[in-house]
Amino acid sequence: MKNISMIDIEKIRADFPILQKKIRGHDLIYLDSGATSQKPESVLRAMDNYYRTTNANIHRGVYELSVKSTQMVDEARGKVAEFIGAKPEEIIFTRNASEGMNLVMYSWGKEHISGADAVLVSKLEHHSNLVPWQELCRETGAELRIIDVDGEGKLIMTGGDEKVFEENNLKVRLGSFEKLVNQKVKLFAVTGASNVLGTMPDLKSMIGKIKKLSPGVAVLIDGAQMIPHMRIDVRKLGADWFAFSGHKMLGPSGIGVLWGKKEVLSKMKPFMFGGDMIGEVKLTGATWADLPSRFEAGTPDIAGIIGLGAAVDYLSELGMDNVRQYEKELIQYGLEKMKILEKEGLVTLYGPKDDEERGGALSFNVNGVHAHDAAQVLDSFGIAVRSGQHCAAPLVTSFGVIAMVRATFYIYNTKAEIDYLVSKIREVPKVFI
Amino acid sequence: MDYREEIIDHYKNPRNFGEMEGADLSLTEANASCGDVIKIFLKIEGEKIEKMMWQGVGCAISTAAASMLSEKVVGMDRDEIVGLGLGGVTAMLGGEINAGRMKCATLAYNGLIKLLSTNE
């Protein structure tokens, strides 16, 4: 084995109870971590312990359990902050990445985007970082600019023609990055890694360029597919916001994070009102609490926050550079094997051919077989893959197909599982012949 | 769930597939989760379906379901088709459809119900 990372795969696998599960007599081969990751024992235990031994509402009581619960939430916030190089007050707990993006749209977008402006996104976006901007642009009359992708699913950076069209009261301009960027662009909302193709746009270079060409532009990164897989330092990214979900990074579902620069967040108005987000309340109005409470109305998912803290501990112990290195080896191996199937005419692969430019998503179709049918046959062998449009319909259909099969990898997957997947992909067409 | 021989047969040789000239009713139904789209054409005689034809791209389940349905509904009226229900569609396909594929299995059926309801 060449320079195999610091990852002890057997030890890791033993930490994930669900991996012991059999699916109709087969070992579970879980290749859908892009949709949601599995959870290690330590995360499950942290949440269970919390409910068994500490459960009480936070910021509400002077009694021991409430104080302890509050401390545990603060601790978890601190861990998440340290994990991404942020200050604790810049960590807003949300339900998921989608809610983070919506928070930016409601709190910042509605104040700052008007009819003369443009919002820039890419064709790689998940629906959660596309639809909010479509709606905002439709409402305000702003133009939605979309960076197109090439045949490999990489963003087109220069040249090409622009396509301008208007539909359902939405003005759209589709083209290359450099053609679309000018002073009208007030917001750049972009994914850090495509959930379909694994494409990882060169954020640093794009953000650098856009800040020169449109000074004052705000930048929102959809980090949902990034943060589980690599070291993130939000300050170095040069963005204003970074949104992600807990459940894709070994944490529970129902908890997510919006990081925002303190300077930016402190000028934003809350978009949800209620308990815990207020300063002083009178019968006629209220003042807003400081960060981060201002954006966290109501009782949060306390156990979820604690679970996310445990997930961060788990990943930190492995080391995100080790995680990235191990997954790179997996995706490289998977790509190699899938390219053999492609040469044989068995499958069509989508996404960048170069593994340096992609995260751990492998999308493909078994030639002549609908994605759902392929996934169903693979399921009969215990393999869990996703099929469909992956919440990115415009991207998937731009490859001339209606659906794709997607295998996504994480730290508990192995090369042996990839071999098994490849051998069972060979079985798929036989069912339909 | 296995892909029964009958499903594979209807998938490979879909019945009543194609556009219908002079249809009394037609409608396009889509499955947003996977992109499958189906267009249904009906010839109506009195209250009853005289002929159903359909066109579309889809998976084996949605294709077989549309094909089987196009044979089954001949001579039936709206109430009889509503009476089939999801259970009837599942039974038609052999009785075992996993919940994740119900949208595939019922694409044509839901389209048909919608089409007949717009006719009231």
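## Helix H2 of chain B

Helix H2 of chain B covers residues 60-72; helices (H or I, at least four residues) and strands (E, at least two) are DSSP runs, numbered from the N terminus. Its 13 residues reach 18 Å from first C-alpha to last, close to the 18 Å expected at 1.5 Å a residue, where the expected span is 1.5 Å times one less than the number of residues. This is a predicted model in which local features need pLDDT of at least 70 and side-chain atom pairs count only at pLDDT 80 or more, while totals for chains, interfaces and linings use all residues. Residues are numbered from 1 along each chain as its sequence is written, with chains lettered from A and ligands numbered from 1 in the order in which they are written.

Is H2(B) mostly covered or mostly open? Eleven of its 13 residues are buried, including Ala60(B), Ile61(B), Met68(B) and Leu69(B). (Buried means 20 or more other C-beta atoms within 10 Å of a residue's own, exposed 12 or fewer, and partly exposed in between, with C-beta atoms placed from the backbone.) The cover over these residues includes H12 of chain A, along with H1 (5-12), S2 (36-45), S3 (48-57), H3 (78-92) and H4 (102-117) of chain B.

## Where the chains meet

Chains A and B each give 13 residues to their contact; two residues are in contact if their C-beta atoms, placed from the backbone, lie within 7 Å. On the chain A side, H12 (371-379) and H13 (393-397) each supply at least two residues. The largest share, four residues, comes from H12(A).

## Two domains in chain A

Chain A is divided into domain 1 (9-30 + 319-431) and domain 2 (49-317), with bounds from an automatic or database domain assignment. Their C-alpha centres lie 28 Å apart, and 25 residues of domain 1 are in contact with 23 residues of domain 2. On the domain 1 side, H11(A) gives the largest share, five residues.

## Nonpolar cores

A nonpolar core is a set of buried Ala, Val, Leu, Ile, Met, Phe, Trp, Tyr and Cys residues joined through C-beta atoms within 7 Å. The largest one has 128 residues, and Val119(A) and Leu220(A) have the most contacts inside it. Helix H10 (residues 302-318) of chain A provides its largest share, ten residues, and both domains of chain A give at least three residues each.

Beyond its neighbours within four places in sequence, Leu220(A) is in contact with residues including Met101(A), Leu187(A) and Trp241(A). Apart from this core lies another, of 29 residues, among them Ile7(B), Met52(B), Ala66(B) and Met68(B).
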